[in-house]
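Student: I would like to learn how to read single residues, a helix face and a ligand site in a model like this one. Please take the features one at a time.

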Amino acid sequence: MLIIPGPASVELGKEIAKGLEARIVPMEFKTFPDGEGYIRFKGSLRNKHVAIVQSTVNDKNMLQLLFMARTAKELGAKTATAVVPYFGYARQDIMFKPGEVVSAKIVIKLMEESGIDRVVTVDIHNGKLLKHFKIRAVNLSAMPAIGEYFLKFRLMHPIVLGPDEGALEKAKAVAEVMGADYDYLIKHRDRTTGEVKTRLHKRIDVEGRDIIIVDDIISSGGTVINVISILKKMGVRPAYVGCTHPVLVHGALKKILGSGAKLVVGTNSIETKISKISLAPIIAKELKTYIKK
Ligand code: R5P
């Protein structure tokens, strides 16, 4: 298998290639003065299985993935696997308001039409989206790797916390690796007064314990900051924060640290300064299963 690291995932692509002892296809990427991109494959793909590694963090990265996939097939690649660690638009998965574009479904169609044969992603925001693919689509979990990362710290009787019920399975997966407790926050509205109170679902005692907040995405940081402020009111010490996708817009990292987080860590699904956990081992393991076939 040949590895094609896309511009959004250069380092991760290289690491995956190393793990697989696979060759990298030399590529040329540049941007014209008007902002349009240019991509050139500088190696042969004929009769090879290729894996294009490219998170779709923004529209440009999405187009680059589609361009690379289509061209790889036109250049004679036998199969093209799209490794899309961060799957952009996965949050726009249903029509919330009439007339809204359901971007996630269109992206899936575009990927299929570009000639992609398989998709490998990691902690996609809504796993149910995979059902819309006609091609094979696999969703890996970074949560065990996040658990392994936090095992290195000597944490006090830790609790892994999801910001909401949707993050419960993720908290559980991290906690299982650490042999820790896990829970999520639940919102309760008083039917008489209308007052909203947030509490731990299981009402476990948090006193003197370390908390790790985990989520799939940290974008503006608002979700995590809200959890930290609730925990503060419970008298909890500064929390650790882990996520798969550090999107981190509008100074999110600074804001989270400013709100009292002890440490914020993410994977290299998006290459940022907090991307301390590599997805290369789990992705390489998955790709190995295709090489054997
Ligand atoms: C939402 O359902 C996601 O799982 C994340 O909690 C959300 O995308 C985080 O966004 P933000 O950092 O902007 O609060």
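Tutor: Start with Phe150, which is found in helix H4; helices (H or I, at least four residues) and strands (E, at least two) are DSSP runs, numbered from the N terminus. This is a predicted model, in which local features need pLDDT of at least 70, side-chain atom pairs count only at pLDDT 80 or more, and totals for chains, interfaces and linings use all residues. Residues are numbered from 1 along each chain as its sequence is written, and side-chain values use heavy atoms, with hydrogens and water left out.

Student: Is Phe150 buried or exposed?

Tutor: Buried means under 20% relative accessible area, exposed over 50%, and partly exposed in between (1.4 Å probe, protein chains only). Phe150 counts as buried, at 0% relative accessibility.

Student: How do I set sequence separation against distance in space elsewhere?

Tutor: Read both numbers for each pair. Ser259, in the loop between helix H7 (252-258) and strand S14 (263-267), counts as buried at 11% relative accessibility. Glu169 belongs to helix H5 (residues 168-178) and is exposed, with a relative accessible area of 54%. From Glu169 to Lys273 the C-alpha to C-alpha distance is 26 Å, and the pair is 104 residues apart in sequence.

Student: Which residues of helix H1 are buried?

Tutor: In H1 (residues 10-20) they are Leu12, Gly13, Ile16, Ala17 and Leu20. These residues lie on the same side of H1 because they cover an arc of only 140 degrees around the axis; the arc is that of the directions from the helix axis to the C-beta atoms. After H1 comes Glu21, with a positive phi near 50 degrees.

Student: Which side chain does Asp123 contact?

Tutor: A polar contact is a pair of N or O atoms within 3.5 Å; within protein, one must be able to donate a hydrogen and the other to accept it, and residues adjacent in sequence count only if both atoms are side-chain atoms. The side chains of Asp123 and Thr244 are joined by such a contact of 2.7 Å. Thr244 is in strand S13 (residues 240-246) and is buried, with a relative accessible area of 0%.

Student: Which residues are around the ligand?

Tutor: A residue is near a molecule or strand if one of its heavy atoms lies within 4 Å of it. Those around the ligand are Arg91, His125, Asp215, Asp216, Ile217, Ile218, Ser219, Ser220, Gly221, Gly222 and Thr223. Strand S12 (211-218) and helix H6 (222-233) are the elements that give two or more residues to this shell. S12 supplies the largest share, 4 residues.

Student: Which atoms of Asp216, Gly221 and Thr223 lie by an oxygen atom of the ligand?

Tutor: For Asp216, a polar side-chain atom is 2.6 Å from a ligand oxygen atom. For Gly221, a backbone N or O atom lies 2.8 Å from an oxygen atom of the ligand. For Thr223, an N or O atom in the side chain is 2.5 Å from an oxygen atom of the ligand.
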